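Please look through the sequence and the model below before reading on.

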Amino acid sequence: MAVSTSSPLDTAALRADFAFLEEQVDGKPLAYLDSASSTQKPRQVLDRMRAFYEHEYANVHRGVYRLAERATEGYEGARRTVAAFINAPSEREVIFTRSATESLNLVAYAWGLQNLGPGDTVVITELEHHANFVPWQFIASKTGASFRHIPIDDAGELRLEALDDLAREGSIKVVATGLVSNSLGTINPVEQLATWAHEQGAIMVVDAAQAAPHRTIDVQALGCDFLALSSHKLCGPSGVGALWGRRELLEAMDPFNLGGEMIRSVGLDRTTFNELPYKFEAGTPAIAEAVGFGAAIDYISEIGLPAIERHEHELTVYAMGLLGELEWVRLFGPPVERRAGIVSFDVAGVHPHDVAQILDWDGIAVRAGHHCTQPLMARLGVAATTRASFYLYSVPEEIDRLVAGLHKVKKNLG
Ligand SMILES: Cc1ncc(COP(=O)(O)O)c(C=O)c1O
């Protein structure tokens, strides 16, 4: 098969940063096509975390000794890095959490319980990841608010003509949507939705877990009120994520977790809370992970988000071109111009788990399942899909191996 992409990245050099990509599966080189689930980690991030643990580690914000100050500087430096990465007006609006999931739960609980009630409506999308779906569904049911969704068309894109009907139904207080769909790669028109949300008097919550690793994020340009992101999807460690929120909203919210660090003073009768962002960071945070998160942002920023995005686009064009030629493969999702580096498909007559298993025999790692988007699967009329997803270290040869593997699947099971 001819390999024809014109990537702006020197992938051979980049791949040398990732020891994991040298792994073999039954003597075959690994083709890691599951970066939408979690990315591999470059040496630069691992080295930074190791150096931090070996030379700078102590608990943060507590000690007056110099090592504690150094640890605090590492942790707060990572916060500044996250803030700059998403163009946050202030680093005090950046809260470290355990994950994008926790960031979204924080907003749903802390903002939702205080601000939602009967007669209010929460709007999510039909292709939402469960992390930005289930917390809102739960908090809506707790508060008596209605829970509605923006439907998608057959290509997996939002049907914006449904917005008028939603607006007529009730008082919309929250619009929550992902920027990039983890199942289909659909890029949602978040700026447009943010404008619409504000016209309704609603807040706009953006799940950028699947977007921030691959394209430049600017919370001010998006016009959103909250934005969630995750470290492990952008070459950083797991166990840490971030929430950005507009200061006046965060300041008006009750805390989410309670305990040490998030207080100003505690008395037998009454407790007062710390200033931002500490009000939302109870207990000892994931310190070295936050430092690794910052190092990962430095790493991908140095490569350049626009170049990463173009590289993935080239790979997606290539993959969709090859897979589109197989009449026994059904591709899901929008045209390549309006999708990120994610390709979900179905092999006629073969369950996605069997597809993934047979590909694994050849060292090809793809994801099979509902991808935490069960309402979307129901809309597509399938229980699961097989998903290949790309990142800065992905190469066309891996897509060739995927296609060859699918021919094998077809021959054995199709
Ligand atoms: C779109 C989207 N949102 C949220 C999440 C959850 O992120 P985390 O693993 O950081 O909780 C994921 C992870 O799969 C995702 O793809």
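## Aromatic pairs

Across the whole structure, a search finds eleven aromatic pairs, where rings of Phe, Tyr and Trp (its six-membered ring) pair if their centres lie within 6.5 Å, and where planes under 30 degrees apart count as stacked, over 60 as edge-to-face and the rest as tilted. Helices (H or I, at least four residues) and strands (E, at least two) are DSSP runs, numbered from the N terminus.

## How the model is described

This is a predicted model, in which local features need pLDDT of at least 70 and side-chain atom pairs count only at pLDDT 80 or more, while totals for chains, interfaces and linings use all residues. Residues are numbered from 1 along each chain as its sequence is written, and side-chain values use heavy atoms, with hydrogens and water left out.

## Around the ligand

The residues that surround the ligand include Ser99, Thr101, His129, Asn182, Gln210 and His232, a residue being near a molecule if one of its heavy atoms lies within 4 Å of it. By class, this shell has three nonpolar, seven polar and two charged residues; Ala, Val, Leu, Ile, Met, Phe, Trp, Tyr, Cys and Pro count as nonpolar, Asp, Glu, Lys and Arg as charged, and the others, Gly among them, as polar.

A polar side-chain atom of Asp207 lies 2.5 Å from a nitrogen atom of the ligand, while an N or O atom in the side chain of Lys233 is 2.7 Å from an oxygen atom of the ligand.

Most residues other than glycine have a negative phi, and most peptide bonds are trans. Asn87, however, is not a glycine and has a positive phi of about 55°; Asn87 is found in the loop between helix 3 (66-85) and strand 4 (94-97). Leu276 and Pro277 are joined by a cis peptide bond, with omega about 0°.

Technical notes
A polar contact is a pair of N or O atoms within 3.5 Å; within protein, one must be able to donate a hydrogen and the other to accept it, and residues adjacent in sequence count only if both atoms are side-chain atoms.
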